[in-house]
Every structure is written in structure tokens, then in C-alpha cells.
Amino acid sequence: MAGNTAVIAVCGHEAAYGRALEGRPGPDVDTVPNGRALFRAVAARLRRGERVVVVPMTLGREPGLVADTARTLRAVPEAGRGAVLLAEPFGTAQHLVGWLRAAAGRVPADAALLVAAPAGDPFEDAELHRVAALVRRYGRHDLVEVALDGGDPGPAEGVRRCALLGAERVALLPASFAAVDPGGEGPVPVTDAGPLVPDPALRRVLDERVADAHRRWDEHGDDGITTGLTAADHHGHAHTHPPGEGHGHDHGPAHGHPHEHGPGTGHRHHHHPSAAGADLGIRSIA
């Protein structure tokens, strides 16, 4: 992230509006919530003559953050052509499944998994249930439950449900950047399997999102902002494969052709047709 480029990590509820990421991306990254704080941070960097790359810090459950960020960036009057780039989101729901599966792999198979994240809107909360179902479907833990910090069921209720279903211990898997408090003494022991993305990996992914944003501008003249405006309509930017990985897959009869994605490539508005198809996209990141 060196050179005459400023990197801004814009945060929503998945990162506690920036509080969950304070200091984690490194001293050269501004971490701010969307809205007025982002507007001011971008304007200040532009006045210093820096190009700005903004990375939406969502893990796939908060597509509205991408669209709202794009609207904020369009409103910055000092932003000339190519001066501000909107990177693809830090992660997608498929990345989230992969990261959770990796965390689950470090948990004994006889423990229950409690996938926990801050509550969002009904669609975001439903997405967390879908993600948890994929973690269970392609993992080795029989019991995988969901908890919503600030929602229903909350973390304490999630632990209680696991105990009622026969769990003797519970591993809390944070499905966000924010830590989740299971809430005091529960009926069974609870261990925290987080953080979901360790700091070195977090910085590496940020670097790659920034590099991709520069490449997209240099090769296609695309600053990402126009595409970002429609992100909430299609559950985020595109499905982007993790660093150095690719996969081939078939979109099924309705789409008519298989194709390969090489390392570091991405494509937009892509949806796997089933849970089994989704696993094809997450094997490489678990």
C-alpha cells in the first residue's frame, strides 16, 4: 500500500462501524464508517494530492455498504477521473463460508459450532443462516447453530440451544470482524474460535483488493463506483476468488457453458445454482 495512494477501509455493522478494526489493517490504512466520516477522509486525502482506494469491509452479508459507499464517493466534489477507486468488497459470502470452515477445522468434532455475527436486516440475517448451513453441510460438526448479536436468537440463547440439543461444549465462530460476547456463565463451556481473519491475512487481502482496483482502472478505466451503486441489487459486487486461487465450474443447463477462472480473476453477479454448486466455489479457500 505504498506510494502516492491512500487506502481507506470503510466499515458497517460487520466491523462495528470501524471499532472492530482499529489498528488491525496497519497504520497506513484509514478505518472509518460510511457517510460523513468517509466523505471527509477521502476529501482530505485528495487535498494532499493522493489517489484514494476505498475498500468496503464486508464479508458478504452487507451489500448495502458497497452501494452506500459508492453514493458517498460520487458526492465528493474534488474527485476527478480516476482519483478515487472503489475496490471490490473485502470478502463475499463464499469467502465467509471458506473462512468459517477453516476456523471450524481447528475445533474438535464433538463440539457444537455457534456461528455468531451482529444482527442486520432480515435478508442479511437469513444469509447468515445459509452460510451456517453450508459450514455444516461441508464440515465434520453435527451441530451448527446461529446467533445474532443484537438479534434473535442472541449469543446466550444460541449457547443454551446448543446445550438443549445435547452439546457438552460450544465453539463460538465469529462470522464478522467484531467479537461476540456469549454472555456470562452458560450451561456448557464456550470457547472463542476467532478471530475469523487473522491480522496478517487481513492485510494481505486488503493489499490484493487495492492492487485489483488499480489494475481494473489501468486496464479498463473502471473506477468501480458505477458498478458499486447497484451492489445491493445483486448482493454485492462480484464473486471474487481468493488470492492465487481459481476454479472451473459449470453454470448448469440454464447457462449452457462451463468456464475457467484463473488465479486472481473475478466476475460479477455470479450465483451458484445450489449448495452443492456453492461448494465448488469454496473448496479452494477452506
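This report walks through a predicted model of one protein chain, from its overall make-up to single residues.

## Overall make-up

The protein chain has 286 residues, and 52% of them count as buried. Its secondary structure comes to 8 helices and 12 strands. The accessible surface is about 12,800 Å². Carbon and sulfur atoms hold 51% of that surface.

Helix α1 has 12 residues. From first C-alpha to last, α1 reaches 16 Å, close to the 16 Å expected at 1.5 Å a residue. Its buried residues are L38, A41, V42, A43, R45 and L46. They pack against β1, β2, β3, α2 and β4. Just after α1 comes G49, with a positive phi of about 85°.

Helix α2 covers residues 63-74 and has 12 residues. Its C-alpha span is 17 Å, close to the expected 16 Å. The buried set in α2 is P63, L65, V66, A67, T69, A70, T72 and L73. These residues pack against β1, α1, β3, β4 and α7.

E62 sits in the loop between β3 and α2. The residue is buried yet has no salt bridge. Its nearest side chain of opposite charge is R61, 7.1 Å away.

What does the side chain of E62 reach? It reaches the backbone nitrogen of E14, at 3.4 Å. Setting aside residues up to four places away in sequence, E62 touches G12, H13, E14 and E124.

## Salt bridges

The structure holds 12 salt bridges. One of them joins the side chains of R45 and E50, at 3.2 Å from N to O. Both R45 and E50 are buried. R45 is also one of the buried residues of α1. D30 joins R45 and E50 in a network of salt bridges.

Another bridge pairs R216 with E88, with the closest N and O atoms 3.9 Å apart. This pair links distant parts of the chain. R216 belongs to helix α6, residues 199-220, and E88 to the loop between β4 and α3, 128 residues apart. Why does R216 count as buried? Its relative accessibility is 11%, and buried means under 20%. E88 counts as buried too, at 16%.

R130 is partly exposed, with a relative accessible area of 36%.

## L148 in strand β6

L148 is found in strand β6, residues 144-149. Is L148 buried or exposed? L148 is buried, because its relative accessible area is 3% and the cut-off for buried is under 20%.

Leaving aside neighbours within four places in sequence, L148 contacts R61, A117, A119, D125, L128, P153, G154 and P155. L148 and A175 are 27 residues apart in sequence. Their C-alpha atoms lie 9.9 Å apart in space.

## Backbone details

Two cis peptide bonds can be pointed out. One joins D152 and P153, with omega about 0°. P153 lies in the loop between β6 and α5, and P153 is among the residues that L148 contacts. The other runs from G194 to P195, with omega near 0°. P195 lies in the loop between β8 and α6.

Y17 has a positive phi of about 55°, although it is not a glycine. A16 is buried, with a relative accessible area of 16%. Y17 counts as partly exposed, at 46% relative accessibility.

Notes: Residues numbered from 1 in each chain as written. Predicted model: local features only at pLDDT ≥ 70, side-chain atom pairs only at ≥ 80, totals over all residues. Heavy atoms only, no water. Helix = DSSP H or I, 4+ residues; strand = E, 2+ residues; numbered from the N terminus. Expected span 1.5 Å × (residues − 1). Buried < 20%, exposed > 50% of the residue type's maximum accessible area, 1.4 Å probe, protein only. Contact = heavy atoms within 4.5 Å. Lys, Arg positive; Asp, Glu negative; His and termini not counted. Salt bridge = Lys/Arg side-chain N within 4 Å of Asp/Glu carboxyl O. Polar contact = N/O pair within 3.5 Å; in protein donor to acceptor, adjacent residues only side chain to side chain. Areas by Shrake-Rupley, 256 points an atom, 1.4 Å probe, with all protein chains shown as cover.
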